[in-house]
Amino acid sequence: MLLLLLLLLLAASPGPAVLADVPPYNKVVFILAGQSNMAGRGGVVANRWDGRVPADCAPSPAVLRLTPDLRWEQAREPLHQGIDAANHAVGVGPGMAFANALLRSGRAGAAVVGLVPCAVGGTRMAEWAKGTDLYAEMLRRARVAVETGGRIGALLWYQGESDTVRWSDANEYGRRMGMLVRDIRADLGIPHLLVIQVGLASGLGQYTQVVREAQKGIKLRNVRFVDAMGLPLQDGHLHLSTQAQVQLGHMLAQSYLNYGTSRP
């Protein structure tokens, strides 16, 4: 009877509102965190998004996002709208291409992919440490995402450009990243949570290589490295282009799928 009622509600309403009111229990959830290249600047020029959505990033009824007010809705670009800072124009990021690639593979592990955007542009690793507002909000959103069922598949992390400016931040990056992984696993009660971190494609300062080496040097179990170096930058300096974000989404999906086949 309950299932019939839910089906009737879905048929009678325009979709996203019902998805928010009746979130699916059979979902795999992914936390998207870090700074601007995770939030998405694809197609953003002069702080304005061009509105172009590649086919790989098209909305799907099977891809949901957790809104800023903690409701589920059908996900669509820009995924981090209302999550990133208000003065930051957001565009295409890797999240939608990632989710659609998982679903196309037939190996997502659930009928629905739930995306939990948390990234904020211009943030340093120290601002994500346990005890900060960013960490608390990421943890709160992750917990809410599975209150109605499902499981957290991975934390997708793309951050570090702001840590290339000062030697002290670059030098501490590896230690801080390791602590972040340990803390989020402990606070979520998922001791072997998969963390897929993106290797920097660019930086704001002279210590990009120092941060990249720290990223590659993380030796914790179930921490994977996907390298964005070499992907095209739309401004020739910092942010990935729309097509680069699509490619990165595919790379993240492949890393997640490879992890699934390599687990004992």
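The legends below describe close-up views of a predicted model. Residues are numbered from 1 along each chain as its sequence is written, and side-chain values use heavy atoms, with hydrogens and water left out. As the model is predicted, local features need pLDDT of at least 70 and side-chain atom pairs count only at pLDDT 80 or more, while totals for chains, interfaces and linings use all residues.

**View 1. The open sheet.** Seven strands, in the order β5-β4-β6-β1-β7-β8-β9, form an open sheet with mixed pairing. β5 (72-74) and β9 (223-227) are the edge strands, each pairing on one side only. From one strand to the next, the twist averages 25 degrees. Strands (E, at least two residues) and helices (H or I, at least four residues) are DSSP runs, numbered from the N terminus. Two strands pair if DSSP finds at least two bridges between them. Strand β8 (residues 195-199) runs parallel to β9 and is joined to β9 by 5 bridges. Q197 has F225 in β9 as its bridge partner.

**View 2. Helices across the sheet.** Helix α4 (residues 95-105) lies across β1 (27-34), β4 (63-66), β6 (112-117) and β7 (151-158), and runs at about 165 degrees to β6. Helix α6 (residues 167-188) lies across β1, β7, β8 and β9, at about 165 degrees to β7. Axes are lines fitted to C-alpha atoms, for helices over the stretch in contact, and angles run from 0 to 180 degrees between N-to-C directions.

**View 3. Packing of α6 with α7.** The axes of α6 and helix α7 (residues 208-216) are 7 Å apart, at an angle of about 10 degrees. The two helices are therefore roughly parallel to each other, a term for angles under 35 degrees. In α6, W167, A170, N171, Y173 and G174 meet V210, V211, A214 and Q215 of α7; contact means heavy atoms within 4.5 Å. The contact of α6 with α7 has 6 nonpolar, 3 polar and no charged residues. Ala, Val, Leu, Ile, Met, Phe, Trp, Tyr, Cys and Pro count as nonpolar, Asp, Glu, Lys and Arg as charged, and the others, Gly among them, as polar.

View 4. A cavity is a set of points, on a 1 Å grid over the protein atoms alone, where a 1.4 Å probe fits but cannot get out; lining residues have an atom within 4 Å of a point. M38, A39, E77, L79, H80, G93, P94, G95 and M96 line the largest cavity. At least two of the lining residues come from each of α3 (36-39) and α4. By class, the lining has 5 nonpolar, 3 polar and 1 charged residues. The peptide bond from E77 to P78 is cis, with omega near -5 degrees, and P78 is in the loop between β5 and α4.

View 5. G122 lies in the loop between β6 and α5 (133-145). Apart from neighbours within four places in sequence, G122 is in contact with Q35, S36, E127 and S162. G122 and H88 are 34 residues apart in sequence, and 9.6 Å apart in space from C-alpha to C-alpha. Most residues other than glycine have a negative phi. N47, in the loop between β2 (44-45) and β3 (48-49), has a positive phi near 60 degrees. N222, in the loop between α7 and β9, has a positive phi near 65 degrees.

Conventions:
1 Å grid on protein atoms, 1.4 Å probe; cavity = no way out; pocket = protein on both sides within 12 Å on 5 of 7 lines; lining within 4 Å. Parallel < 35°, antiparallel > 145°, perpendicular 65-115°, else oblique.
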